[in-house]
Amino acid sequence: MVISLITPATEGALLVPYPATLDVPYELVEHVAWLLHERRLVCNTRWRKLGCFKQALLALVHLRKNETFSQLGASFGISQATAWRYVDEALDVLADWAPGLHEALTGLGEGDHVIVDGTLIPIDRIGADEPYYSMKHRKHGMNVQVIARSDGTPLWFSRATPGRTHDLTAARAHGIVQACLTRQILVLADRAYQGAGATVRTPYYHHREQPEHYQQFNRDHARLRAPGERAFARLKSWRLLRRARCSTRRISTIVQAVHTLLTCSYSG
């Protein structure tokens, strides 16, 4: 079957769908399909071009493989505009299930510790878009703060802020520092969070010039904080977040949607 989609990128061309596999559990697709089914019941939707399962699969392919909407439309036999609408709806449904900060910290308290760090979601922007340019990463992007358990399991992802936002500024703005202080949760963070105070612990500067116990502290700190990289790896395994081509206003929704999917994966 050959489907013709007239778009600026493919005008005059024929897009040929091909069989492919998606590296997510079948149960995850079913779970997303049930969430979409519930949304359709609420909206009293009578008919759609794609059923709930196919719509769930469409959204997961977009997130996992970062295919364009014209490619998705060709693969699922729908138009580019319909693919965009279906994916957008699925992302909103998933994002609604993402936990808030206080909900994510439920069950943690004095004696527990979490790992806090920031990551950059690269975006396509021109040099004039200064607020989105991160001097640390030397690229345009959006800053997302991550709270992870001691084993690297992600607990919470913040909304996305412009890439030039400093990690400490973002952590304070999102209420991370205060929320952890209220619960007396120890926070392990890198040097970008120095000056946070409260229960935040960061490495010493120039530790090699300091006494041995300073150096040992930094080694222990790095060892305990290392599992936090697993949370970033989980997040970036969804290729859409390796370079987002969408509006910056939608990145927060995408991150929250991915968090819901990660939560489903862990609980399953």
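Is Thr263 buried, partly exposed or exposed? I shall begin with that residue and then turn to the structure as a whole. Please keep in mind that we are looking at a predicted model.

Thr263 has a relative accessible area of 36%. Because buried means under 20% and exposed means over 50%, Thr263 counts as partly exposed. You will find Thr263 in helix H10, which runs over residues 248-267. Where does the fold place Thr263 relative to Trp97? The two residues stand 166 residues apart in sequence, and their C-alpha atoms are 9.7 Å apart in space.

Which residues does Thr253 touch, once its neighbours within four places in sequence are set aside? They are Leu91, Asp92 and Ala95.

Those contacts lead us to helix H4, which covers residues 80-95. This helix is made of 16 residues. From its first C-alpha to its last, H4 reaches 22 Å, close to the 22 Å expected at 1.5 Å a residue. Several residues of H4 are buried, among them Leu91 and Ala95, and both of these are in contact with Thr253. The buried residues of H4 also include Thr82, Tyr86, Asp88 and Glu89.

How many cavities of 30 Å³ or more does a search of the whole structure find? The search finds 3. The largest cavity holds about 40 Å³ of space. Its lining is formed by Val116, Ala171, Ile176, Val177, Val187, Ala189, Tyr193, Ala196 and Val200. In terms of residue class, the lining has 9 nonpolar residues, with no polar and no charged ones.

Finally, let us step back to the chain as a whole. Its secondary structure comprises 10 helices and 7 strands. Of the 268 residues in the chain, 49% are buried.

Thank you for your attention.

Methods. Residues are numbered from 1 along each chain as its sequence is written. This is a predicted model: local features need pLDDT of at least 70, side-chain atom pairs count only at pLDDT 80 or more; totals for chains, interfaces and linings use all residues. Side-chain values use heavy atoms; hydrogens and water are left out. On a 1 Å grid over the protein atoms alone, a cavity is a set of points where a 1.4 Å probe fits but cannot get out, and a pocket is an open set with protein on both sides within 12 Å along at least five of seven lines; lining residues have an atom within 4 Å of a point. Grid points are joined across faces, edges and corners, and a volume is the space filled by probe spheres set on the points. Ala, Val, Leu, Ile, Met, Phe, Trp, Tyr, Cys and Pro count as nonpolar, Asp, Glu, Lys and Arg as charged, and the others, Gly among them, as polar. Helices (H or I, at least four residues) and strands (E, at least two) are DSSP runs, numbered from the N terminus. The expected span of a helix is 1.5 Å times one less than its number of residues. Buried means under 20% relative accessible area, exposed over 50%, partly exposed in between (1.4 Å probe, protein chains only). Contact means heavy atoms within 4.5 Å.
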